[in-house]
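Me: I would like to learn how to read a structure like this one, feature by feature. Could you walk me through it?

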Amino acid sequence: MQISNEHSEIKNELQAISESLRCLQCFDAPCTSKCPVHIPVPRFIRMIRSGNTEGSVAVVKESHPFIHTCGEICPDESFCSSICTRGKIDRPVRIRELHRYITNFIRSEQRGSFATEGFKNGKVAVVGAGPAGLSCAKRLALKGVVVDVFEMKEKPGGILFEQIPLFRLSPKILRMDVHEILNTGINLKYKKSIEDIKELAERYDAVFIATGASMPVRARIPGENFENVWTHNDFLKALKEDGSRILKKVEKVVVIGGGNSAVDCALSALHYGARTAEIYYRRGVEEMPAWKNEVSMAIARGVEFHFLCIPVRFAGKKGKLEGVEFIEAKLGKAGEDGRRIPVPVRGSNFFVRCDICVVAIGSKPRFELIGSITGKPEFSFDKKTMRLKGVKGNVFIGGDFAGRGTVVEAVSDGITAAEEIYKLLQKKYGGNRK
Amino acid sequence: MKKLEKNRKIPCDLIEDFPPARNEYEILKTKFCGLDFESPFILAASPCTDEISLLERAFDMGWAGAVLKTTSVEGTVVNLAYPMMSSLNYNESRVVGLGNIDLISKYDVREVSLRVSKLKNKYPEKIVIASIMGTRKEDWQELTKRLFDSGADMIECSFSCPQGSMGEEPGKMLAQSIAATEKVASWVKESAGSKPVSIKITPQVTDIVEIARALERAGVDCITASNSVPALMGIDIENFTPVPSISGKSTYSGFTGPAIKPITLRTIAEIAKNTRLPVSGTGGISCWRDAVEVMSVGAGIVQLCTAVMHYGFRIIDDLKSGLTNYMLRKGMKSPSEIVGKALPNIVNHESLSRLKVRSSIRKSLCIGCGVCVVACRDGGHEAIGFSKKRIPVVDEEKCAGCGLCRVVCPVDGCIEMKVI
């Protein structure tokens, strides 16, 4: 997103005030309702207008623990800006850019200490230190609850740390958010892989599971074990660690899939030195789940899109990938999810040579985690409270684990769960003792 | 001196700022105080009219005339303090109002007389008005005589310099005293004889009509209404120094520009409704629309200054073409048809009809921002509700018809006040 908005970046106070003056200050503002964490947009914009940037930052911080990160990567076209009333006059207010501007303002002067609300009871476990988990942990910690966060990896941030490409989100920015969260006094335990939720649920007052969607969906076609066939998770992770080495002398990268991660993989491939990157998607352009402006940015950067192509097999020699065989498709009847199902056209097979192929057709959470407590692989949860159904009532889930797609939605889940957990603790320990 | 002025000329690469004056504006010819103006647009006494090179450029570009910056008798000390300008900015707009602590011209009457004759020689068809300020009777009368002798078409007397007129009560404006105004005005008129004299007054008085009547009694030919409004331009809240800061100190400025137009309109309307004196309108006129407004409440010609100081003499092309197009659209043959046109519609509050009006929101234009909802809730009568689909709904029982909603609505024509 950083890339697509280079031209519209707000660089100084003059530009910020100019943009903030375009805000109509709507009553019951639609931008705020549309934002998953309900940032009071007109309020923070009003403060930019008067030159009260500090006040403005405080307003945004109150509702959002990842303000720096979301300033960079939030797809505002899908949220606040999509519904901005100003758009009915000329064009929407560049809300995320204003958000980003004020967060830039505080980058130089981090404040460390936090006053908690004085609640001195309860112990909560959070599994996964990604956007959802850390948001939940911060909110609870600020209330005075003891929070233990269990992270499988050696660093916090989850998907932000592992997979979001560097050119979208610099580690510096992420670190600023994470530092502030850790400053609230949560206990982060690294390299702790949790297998037994049940035990955790007994030991703690409540558990919040936010381990993301770490299991990539397999293509389930022959040849998936060739050396240069990657899952998108692994590919993005590896590129982030050592992209230029992996893509040294690579002519062509083929990405299979139509979501944002497919676009990310293709863009990253080009970024780290692949000559060409092509995306093959089994449905049409209209059906693509990737955000429209992501797609147009990818096209602008030279990513080639091929629609209505179903992969048939990976071809190669001696365990090494040489190319992918596709078959052309046409769209048939609508499936269960309302999207039309691609039907292969007989005899239309074709072969695409490539050095690397990335399968980016989605990820699923590690459902086994929950199996340990519910006894079955599937689960359901209450979307209003993020509470897992069919268990004792102290297990909550959120983020990609609950099927979300964006950071800001994950943050929203974390906050919702934290508030619910807090209610639970208050009930258990009796009110807010100050 | 001649050489110096030549050197002062602005380089020619700015030529696009100097459109040649066009002569297709016959329709704008205006007769005022017995003088023939090419158009009703002249320059007010100000820094724009203090140098001959500036005046020549303005005339070349098509201004109909100019009031030269106020002069005085030889030996008058003009002790300027710099910086003198400051600005009222609002939101993104710069110079919504201009503050100035300038004084009269540093050129005395001898120099100004030379300039007047030089200008009249070179531009016989342009109207050159000399502005004067004096202390004693002899000063006022001598200034008048000498400037008329050198060819000035008219004399304007500054009775309202916001830094205080010279004379009886230092620091106080002459035009704030009815008696002094009448006395000094009659001195000048006595010296001028049949030639036209205008008095530039201040809006800063208890009753402008009393001042205007005093001038009528003194027999002057015209009122220039009105001068800048005395104002304190602002305070730097970091160190509590007023602006414009001169070593941390400041004084009250003369406030001009778009922000004071409503004050000018009221001042001129009151004069025009209560006296027969022609009015030379000035104060907050920035474009031809403002000029039409000011003329419609009684001004025969208009003077501009702040707009020129901000955007340059070049604005004359739009002033003239805009007014011409407006007059053609309205079927008018002379700017004099505009003069006083709005006056019959300006009445006392008691005379207004008491209608029942209600706010009516056009759904087809409404963008659903709800700004009217907040304004009515917190500044009106809690009469506008908001539906789930973001459509404002007026409660006719609660609506008093104040019109606040219409004022704040960002879409023109969306909210109307309907008579019921």
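Reply: Gladly. Let us begin with strand pairing: two strands pair if DSSP finds at least two bridges between them. Keep in mind that this is a predicted model. Here, strand 7 (residues 127-132) and strand 8 (residues 154-158) of chain B pair in the parallel sense over 4 bridges. Within that pair, B:I129 stands opposite B:M154 of strand 8.

Me: Which strands of chain B form the closed barrel?

Reply: The general idea comes first: strands of a sheet pair through backbone hydrogen bonds, either parallel or antiparallel. In chain B, 8 strands close into a barrel in the order 3-4-7-8-9-10-15-16, with parallel pairing. From one strand to the next, the twist averages 25°.

Me: Which strands does helix 7 of chain B touch?

Reply: Helix 7 (residues 261-274) of chain B packs on the sheet and touches strand 10 (222-225), strand 15 (279-282) and strand 16 (299-304). Its direction makes about 170° with that of strand 15. Helix 8 (residues 288-296) of chain B lies across strand 15 and strand 16, running at about 140° to strand 16.

Me: Now the cores. Which residues touch the most other members of the largest nonpolar core?

Reply: As a rule, in soluble globular proteins, nonpolar side chains tend to be buried together. The largest nonpolar core here has 104 residues, and A:V207 and A:F208 touch the most other members. Helix 15 (residues 407-429) of chain A gives the most to this core, with 10 residues. Another core, of 92 residues, lies apart from it and includes B:L43, B:A64, B:A192 and B:I315. Back in chain A, the residues touched by A:V207, beyond those up to four places away in sequence, include A:A125, A:I197, A:L200 and A:V395.

Me: How is chain A divided into domains?

Reply: Chain A has domain 1 (6-106), domain 2 (123-214 + 365-429) and domain 3 (217-362). The centres of domain 2 and domain 3 of chain A, taken over C-alpha atoms, are 31 Å apart. In their contact, 6 residues of domain 2 meet 8 residues of domain 3. The domain 2 side of chain A divides into 3 nonpolar, 2 polar and 1 charged.

Me: Finally, what should I look for in the backbone?

Reply: Most residues other than glycine have a negative phi, and most peptide bonds are trans. In chain B, the peptide bond from B:Y82 to B:P83 is cis, with omega near -5°, and the bond from B:A225 to B:S226 is cis, with omega near -10°. B:S226 lies in the loop between strand 10 and strand 11 (229-231) of chain B.

Me: And where is A:K318, with its positive phi?

Reply: A:K318, with phi of about 50°, is in the loop between strand 10 (309-317) and strand 11 (320-334) of chain A. A:K318 is exposed, with 7 other C-beta atoms within 10 Å.

Technical notes
Residues are numbered from 1 along each chain as its sequence is written. Chains are lettered from A and ligands numbered from 1 in the order in which they are written. This is a predicted model: local features need pLDDT of at least 70, side-chain atom pairs count only at pLDDT 80 or more; totals for chains, interfaces and linings use all residues. Domain bounds come from an automatic or database domain assignment. Two residues are in contact if their C-beta atoms, placed from the backbone, lie within 7 Å. Ala, Val, Leu, Ile, Met, Phe, Trp, Tyr, Cys and Pro count as nonpolar, Asp, Glu, Lys and Arg as charged, and the others, Gly among them, as polar. A nonpolar core is a set of buried Ala, Val, Leu, Ile, Met, Phe, Trp, Tyr and Cys residues joined through C-beta atoms within 7 Å. A residue is buried if 20 or more other C-beta atoms lie within 10 Å of its own, exposed if 12 or fewer, and partly exposed in between; C-beta atoms are placed from the backbone. Helices (H or I, at least four residues) and strands (E, at least two) are DSSP runs, numbered from the N terminus. Axes are lines fitted to C-alpha atoms, for helices over the stretch in contact, and angles run from 0 to 180 degrees between N-to-C directions.
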